[in-house]
Amino acid sequence: MEKLEKFLEWGGTKKDVACLALGGIALLISIFDLLPLPFDAAWVAIILCGIPIILEAVIGLVTAFDIKADVLVSIALIASVIIGEDFAAGEVAFIMQLGALLEDLTVARARAGIEKLVHLTPRTARVLRDGKEQVLPAEQVQVGDLLRVLPGETVPVDGVITTGQTSINQAVMTGESLPVDKGEGDEVSSGTVNQFGSFDMRATRVGEDSSIQRMIRLVQSADAGKARIVGIADRWATWVVVVALTAAVLTWLITGEVIRAVTILVVFCPCALVLATPTAIMAAIGNATRHGFLVREGDALERLAAVSKITFDKTGTLTYGMPRVVAVHSFLQDVSGQAMYAWAAAAEQRSEHPLGKAVVRCFREKGGGEAPPSEGFRMLPGRGVQAMVDGRAILAGNPALLEEEHIAVGEQAASCADRYLEEGCTVIWLAADGALAGLIALSDTLRPDAADTIAQVRRAGVQPVLLTGDHANAAGHIASQLGITEMRAACLPEDKLDYIDASQAQGQQVCMIGDGINDAPALKKAYVGIAMGGVGSDIAVDAADIALVNDEISEVPHLLRLARHMMLVIKCNLTFSMTLNFVAIVLAITGILNPVVGALVHNAGSVFVIINSAFLLTWRKRNGHDHHSADRGCDPDRRPVLSQAGGE
């Protein structure tokens, strides 16, 4: 039996295409008698297309007593050959193999992307023992060990910083667009990246207990829990076989004509049933591809039609994941907001920090030109930068830097900053010659079509939910702009996965849309996972069922409507094919149809199914407006607010 299975697997899709091509040519030669052959050319189709079907049926029956559609097909094939109706046998075999090939092309194998997550796992660690630094394999680190992490290195295990200050890129775990400043007493996770200053840390979770290893297990467990939907023909196959055999036997016993019984078996073959789902899915996948979607799972659209919730990641999905300056405030009477902006850009122009780079980039983009020259630049890891600009000592950084330099923040300045912090912005404080001078507010920028997309999703009867690793203020501000009423902030990968698991346990099928490595477990666990393929990580794309190649989330409502329309087409296909089958059975019982004509009439249903499904290739529902009228929120082209002396 194992040898039979290996034989059927040999060659794959190329073998199937070759067999179908030769079988199709053979059927044309047979029906039109094109070549003087010593045998009926239909036997080529019977051997190439029919024998694999019979072998599959035998394997299924013997190994698991699994009755599928190919059992009835095999009986019809053998019966047709016995009574000499070779063309009917070859025709049925050809149509069934065509349906099987379409299914194989449609249903892709899931690629979990686990190996890429494994590559993120740090391989070595700098361990401090007996006052000496040793580079050891990461798996040899023990709880309580003291480790040193240099700039640019990946944190090897989970732990707590004991000395030093730095900024950590936590995108792998939380998806946050901005690095997080860390100091003594702060926790750091394995797999995150140390961007600037070196620090020492005490290991708290190592090996299989570390954060990155837990994420790998989450992806594996979520993948194992997602079952593949069985084709409708196979789902009904047992009843189809029983009814067909019963009708054939009764007809034979009553009429005494075996040809009528064989005709019943031929017209009862579920060719159209087999084609109904894969042809519609393939056409819908072609439509989705034209709108920027790469459908990686054959049944993903079938599942998408049943979702009642769509959970969105924030950073990189609803937003660009790129900080931009939204406001500059000067607290000095003799210095304008534009001048303060120039000071900040000058101080930050040599900075490697993403916030500093954002200040310089936005200054240039908004007509500021090149920043003024600066001298004496110095990076202060975990706090900010300092430099001499126009003869003034400029500091740009966080509250810890102001506190360290004993620079007081007045009530008016604190109130101004609080307003931006409540909206989820990040604030850079500016000081000149030891006194507070101003602030710059930066925010992630909302995609201009995000609000309209959310509105259309809601109109389709699906509830949008925001799941993000960002803090509550940033998440709440974005949610209010988009009109999302349900939100979860500060989510780790397991938090997103738990929310989806809980929702689906209550019977609510969830679609997850995300872009980061941290979204991979949730993308796997969700009933349908959609990854942002343009900005998203390879691991997120591998974990998802569908990838949005161009990151145009405005097409998500179309995909949702397409999936539902596809299911309507499939139901129409099934209804038509079943109706045609029963009419053909009645005609076969009365002797009006013989096996060859029965096969032709029956396969006319297959042609209808293919044509009806083909309309899905160009289908698009017009919703009455093609333009986006939503509020743009933090528009990337919007100029930052410039104010002087705190005058808002």
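In which sense do strand 1 and strand 2 pair, and over how many bridges? Strand 1 (residues 124-129) and strand 2 (residues 132-137) pair in the antiparallel sense, over 6 bridges. Strands here are DSSP runs of E with at least two residues, helices are runs of H or I with at least four, and both are numbered from the N terminus; two strands pair if DSSP finds at least two bridges between them.

Before going on, note that this is a predicted model, where local features need pLDDT of at least 70, side-chain atom pairs count only at pLDDT 80 or more, and totals for chains, interfaces and linings use all residues. Residues are numbered from 1 along each chain as its sequence is written, and side-chain values use heavy atoms, with hydrogens and water left out.

Back to the strands. Ala125 sits opposite Leu136 in strand 2. The two strands make a hairpin with 2 residues between them, and Asp130 in the turn has a positive phi of about 55°. Strand 1 also runs antiparallel to strand 3 (residues 146-149), joined by 3 bridges, with Arg126 opposite Arg148.

Now look for the largest nonpolar core: it has 56 residues, and Leu301 and Leu482 are among those with the most contacts inside it. Its largest share, 11 residues, comes from helix 24 (residues 556-589). A nonpolar core is a set of buried Ala, Val, Leu, Ile, Met, Phe, Trp, Tyr and Cys residues joined through side-chain atoms within 4.5 Å; buried means under 20% relative accessible area, exposed over 50%, and partly exposed in between (1.4 Å probe, protein chains only).
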